[in-house]
Amino acid sequence: MSDPTIESPSRENDRRILIMLTVFICLIAVVILVIAAIMLSLIISRNNDVDDDAKGSKLDAAVQDIDECETSIHSCDVNAFCNNTIGSYICTCNPGYFGNGKSCLDINECTTNVHNCDANAFCDNTDGSYTCACSPGYTGNGTSCAGHNCDANAFCNNTQGSYNCTCSPGYTGNGTSCIDINECTTNIHNCDANAFCNNTQGSYNCTCSPGYTGNGTSCIDINECTANVHNCDANAFCNNTEGSYKCTCSPGYDGNGISCTDINECTTNVHNCDANAFCNNTQGSYNCTCSPGYTGNGTSCIDINECTAKVHNCDANAFCNNTQGSYNCTCSPGYTGNGTSCIDINECTTNVHNCDANAFCNNTQGSYNCTCSPGYTGNGTSCIDINECTAKVHNCDANAFCNNTQGSYNCTCSPGYTGNGTSCIDINECTTNIHNCDANAFCNNTQGSYNCTCSPGYTGNGTSCIGKLSCLMYLKLF
């Protein structure tokens with residue numbers, strides 16, 4: 001009959017399975033808690049980013065743009081649109097004009113052929129626009145004209161039941177197609193030697209050359225100076241020449257004589273303003289004003305160190321770097337931004353740290369630190385495996401083997417013992433009948449093993465026993 005205090009092998013196995021299931025469920029619970037903590041951290045980080053964006057918007061709103069267009073302090077031409085921009089404005093010439101916006105000239109849509117007049121219509125340029133009028137013999141609004149097929153430069157002669165076309169004087173062709181005769185290039189004009197021949201559609205005209213007067217067929221020199229028909233500047237001398245004149249700016253003025261302006265000591269660099277000052281030209285003189293970021297009387301200006309004077313707007317987590325006439329802000333290492341607004345860089349989530357693959361990255365304000373994972377040792381940037389077995393920092397049972405692994409270790413009960421490695425109990429090979437003692441031997445359990453002793457009347461090493469012969473039996477044999 002078996003001992004009731006000894007559990008059967010199947011019941012022992014059931015208990016082991018139950019322990020393993022309990023450990024597995026606990027591990028799943030720990031993983032769920034870690035994931036929940038990470039999600040909570042991300043939500044808090046996003047809320048902080050929203051707060052920082054709101055602060056940046058309030059700072060921008062504090063700076064108000066001056067609308068130069070609405071306040072009429074722009075320099076746009078009267079024939080231009082003024083378009084306000086942040087901190088400035090843009091001038092754009094009105095339709096029908098061209099230029100840089102500050103100076104706009106009329107576009108002659110007729111000569112530049114950018115009109116939409118009908119081929120049988122005249123184009124008349126107007127200031128900033130043009131008009132279209134149908135040619136004689138045609139009717140319509142000018143952009144669309146109906147009539148015969150005579151050329152626009154031909155006469156339409158009505159005949160009984162038809163018509164014929166004759167090119168107008170100054171044109172040549174069959175009447176339905178007429179081209180201009182260029183009297184100037186064919187030299188069939190009567191313009192004076194001091195006149196220009198200007199070909200026109202169907203004719204020509206003679207214009208005395210600049211500096212001459214007459215009807216074009218007869219031209220004489222004009223003394224533009226005495227006749228006061230010159231265009232010399234009020235601050236220039238007029239000197240007559242044959243067929244022309246020349247203008248010389250008066251002393252103290254500069255230009256081509258036709259346009260003389262005050263000598264701008266600022267742009268001609270004949271002033272004594274400091275290199276870090278503005279030169280402001282005046283009529284006959286100038287004055288100097290130190291540039292922003294500098295201080296002085298204008299002829300001598302020194303840099304203002306906004307950083308030491310603490311008149312900058314750099315973020316508390318930024319460096320203020322003084323420059324000539326200004327300064328710049330640079331976010332401190334571990335922070336990002338434009339210098340006036342800096343937020344912490346999370347080196348851990350952005351993966352810009354140098355922590356070892358077997359270390360935890362812990363973000364801090366403006367930096368981070370690295371901590372080797374359990375089972376590893378080092379400074380965090382370099383982590384090596386701890387051999388818990390050789391360092392004897394494991395919790396394996398005294399009757400178990402310690403097997404080192406990367407970042408951890410495992411325990412295996414020694415032969416003759418059973419358990420999870422951290423707790424090992426002796427296997428009773430005798431009661432569990434897993435020994436190799438002879439049938440005629442006693443099995444004696446020991447810690448981690450057993451030994452076999454032959455029963456009385458037998459001899460051997462315990463695993464093999466043979467019976468002893470008595471003296472009486474020995475005598476009977478002989």
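Reader: How far apart are the sulfur atoms of Cys249 and Cys260?

Author: Keep in mind that this is a predicted model. A disulfide is called when two cysteine sulfur atoms sit within 2.5 Å. Here the sulfurs of Cys249 and Cys260 are 2.0 Å apart, and the two form a disulfide. Cys249 sits in strand 18 and Cys260 in strand 20, 11 residues apart. Both cysteines are buried.

Reader: What is the handedness of the Cys249 and Cys260 disulfide?

Author: Look at the torsion about the S-S bond: for Cys249 and Cys260 it is about -95 degrees, so the disulfide is left-handed. The link of Cys150 and Cys165 is left-handed too, with -80 degrees about its S-S bond.

Reader: Which parts does the Cys150 and Cys165 pair tie together?

Author: Cys150 lies in the loop between strand 8 and strand 9, while Cys165 is in strand 10, so the pair ties together parts 15 residues apart in sequence. Their sulfur atoms are 1.9 Å apart. Cys150 is buried at 2% relative accessible area, and Cys165 is buried at 16%.

Reader: How many disulfides does the rule give?

Author: The count comes to 29 disulfides. Among them is Cys184 with Cys197, sulfurs 1.9 Å apart.

Terms used:
Residues numbered from 1 in each chain as written. Predicted model: local features only at pLDDT ≥ 70, side-chain atom pairs only at ≥ 80, totals over all residues. Heavy atoms only, no water. Helix = DSSP H or I, 4+ residues; strand = E, 2+ residues; numbered from the N terminus. Buried < 20%, exposed > 50% of the residue type's maximum accessible area, 1.4 Å probe, protein only.
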